[in-house]
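I opened this structure without having seen it before. These are my notes, in the order in which I looked things up.

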Amino acid sequence: MRIHMTPEWSDFRIFLAVAREGTLGAGARRLGLTQPTMGRRLKALEAALGTVLFQRTSDGFVLTDEGRLLLPHAERMEEEAIAVERGLAGSRNELDGLIRISSSDWFGVHVLSPLLAGFSRRHPKVVIELLTDSRLLNLSRREADLVFRIRPFTEVDVISRKFTHVEYGLYVPEGFPDPVIGDGASLSVVTMDEAFGSMPDVAWLRESFPGAFVAMRSNNRDVQARLCAGGAGMAVLPVPLGNRTSGIRRVELQAPPPGRDTWLGYHRDMRRLPRLRALLDFLIAAI
């Protein structure tokens, strides 16, 4: 691979974004750039390296042989650059700057948002960016600084702990009679979509009311709550969400649906970052 001029690291970031997303548009959204800028910078990188890195097809951008050779080198460059950023961030002492947090949609709205508002009042110079996303964002790449999720973290470079246990309950529209655990042939339910069919609360609902009709499915808990309130059927919901939703009520059961633990995790290089430590202490004390 013959080098014509020295490429810039920022151009390698563009290469990685296109390689991971498959299109200029998706890569641009990932980096917060415009598509024309992405195209120009990618051409500049190819000119600097003296080779074509992608084959442009109707389905998107496909790595050429040269692109595949470059990919692991660019990923190592990215790892080193991010390690430098984490190290510098972790050495700062003042309580200002950005903390990017990732969580599920309902947890971000009904659990984290009230807590984060309180932290913001106490530390107004710390900017909180809350991303409610079903994707598991990468802590090593600093796609997020602090992640909340229902699965324990197994990555060796991530510090994690159990944050809280969330109770789940069975909810019905206001005015509806209590359903009786059993066949449930005359009942309708609102539940998760089939991609999440193995979740414990979904299995409980299926086992408790095997004959019930699945009226609606959604991967969004807030949507499920509103569907329940609208009369579409009963639903198993996290209690912090269900109790805050008007038009529905919780059914008292001797054996309620299983709850879920929520875990928090952050990269070990960030453990000395004062603003992150302050936020963790605040959240743990509040919860």
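**Entry 1: what kind of model.** I noted at the start that this is a predicted model.

**Entry 2: the sheet with β3 and β5.** I traced an open sheet of five strands, in the order β4-β3-β5-β12-β6, with mixed pairing. Its edges are β4 (126-132) and β6 (158-166), each of which pairs on one side only. From one strand to the next, the twist averages 20°.

I then went through the pairs. β3 (residues 97-103) and β4 run parallel and are joined by seven bridges. I picked out Ile99, whose bridge partner in β4 is Ile128. α5 packs on this sheet, touching β3, β4, β5 (146-149), β6 and β12 (260-267). The direction of α5 makes about 175° with that of β4.

**Entry 3: β5 inside that sheet.** β3 and β5 also run parallel, with two bridges between them. Ile101 has Leu146 as its bridge partner in β5. With β12, β5 pairs in the antiparallel sense over three bridges. Here I found Gly265 of β12 as the bridge partner of Val147.

Which residues of β5 are buried on its two faces? Leu146 and Phe148 are buried on one side, and Val147 and Arg149 are buried on the other. I recorded both faces of β5 as covered. In a regular strand, side chains alternate between the two faces of the sheet.

**Entry 4: α5 against α9.** I looked up how helix α5 (residues 105-122) meets helix α9 (residues 274-286). They pack at an angle of about 130°, and their axes are 10 Å apart. That angle makes α5 oblique to α9. The crossing of α5 past α9 is right-handed.

From α5, the contact is made by Leu115, Leu116, Gly118, Phe119 and Arg122. From α9, the residues are Arg275, Ala278, Leu279, Phe282, Leu283 and Ala286. I sorted this contact by class and got eight nonpolar, one polar and two charged residues.

**Entry 5: Leu273.** This residue is in the loop between β12 and α9. Is Leu273 buried or exposed? Leu273 counts as buried because its relative accessibility is 2%, and the cut-off for buried is under 20%. I also looked at Leu273 with Leu95: they are 178 residues apart in sequence, and their C-alpha atoms are 9.0 Å apart in space.

**Entry 6: the sheet with β8 and β10.** I traced another open sheet of five strands, in the order β9-β8-β10-β7-β11, again with mixed pairing. β9 (213-217) and β11 (248-251) are the edge strands, each pairing on one side only. The twist here averages 40° from one strand to the next.

β8 and β10 pair in the parallel sense over two bridges. Val189 has Met234 as its bridge partner in β10. α6 lies across β7, β8 and β10 and runs at about 170° to β8. α7 packs on the sheet as well, touching β7, β8, β9, β10 and β11. The direction of α7 makes about 145° with that of β10.

**Entry 7: α6 by residue.** In helix α6 (residues 200-208), I listed Asp201, Val202, Ala203, Trp204, Leu205 and Ser208 as buried. What do the buried residues of α6 pack against? They pack against β7 (168-173), β8 (188-191), α7 (221-229) and β10 (234-238).

Glu207 is also found in α6. Glu207 counts as exposed because its relative accessibility is 63%, and the cut-off for exposed is over 50%. Glu207 and Gly182 are 25 residues apart in sequence and 8.6 Å apart in space, C-alpha to C-alpha.

**Entry 8: α1 against α3.** Last, I looked at helix α1 (residues 9-21) and helix α3 (residues 35-49), whose axes come within 9 Å and cross at roughly 110°. α1 and α3 are therefore roughly perpendicular to each other. α1 passes α3 in a left-handed crossing.

On the α1 side I listed Ser10, Asp11, Phe12, Ile14, Phe15, Ala17 and Val18. They meet Met38, Arg41, Leu42, Leu45 and Leu49 in α3. By class, this contact of α1 with α3 has nine nonpolar, one polar and two charged residues.

Key
Residues are numbered from 1 along each chain as its sequence is written. This is a predicted model: local features need pLDDT of at least 70, side-chain atom pairs count only at pLDDT 80 or more; totals for chains, interfaces and linings use all residues. Side-chain values use heavy atoms; hydrogens and water are left out. Buried means under 20% relative accessible area, exposed over 50%, partly exposed in between (1.4 Å probe, protein chains only). Helices (H or I, at least four residues) and strands (E, at least two) are DSSP runs, numbered from the N terminus. Contact means heavy atoms within 4.5 Å. Axes are lines fitted to C-alpha atoms, for helices over the stretch in contact, and angles run from 0 to 180 degrees between N-to-C directions. Angles under 35 degrees count as roughly parallel, over 145 as roughly antiparallel, 65 to 115 as roughly perpendicular and the rest as oblique. A crossing is left-handed if the near helix is turned anticlockwise from the far one by less than a right angle, and right-handed if clockwise. Ala, Val, Leu, Ile, Met, Phe, Trp, Tyr, Cys and Pro count as nonpolar, Asp, Glu, Lys and Arg as charged, and the others, Gly among them, as polar. Two strands pair if DSSP finds at least two bridges between them.
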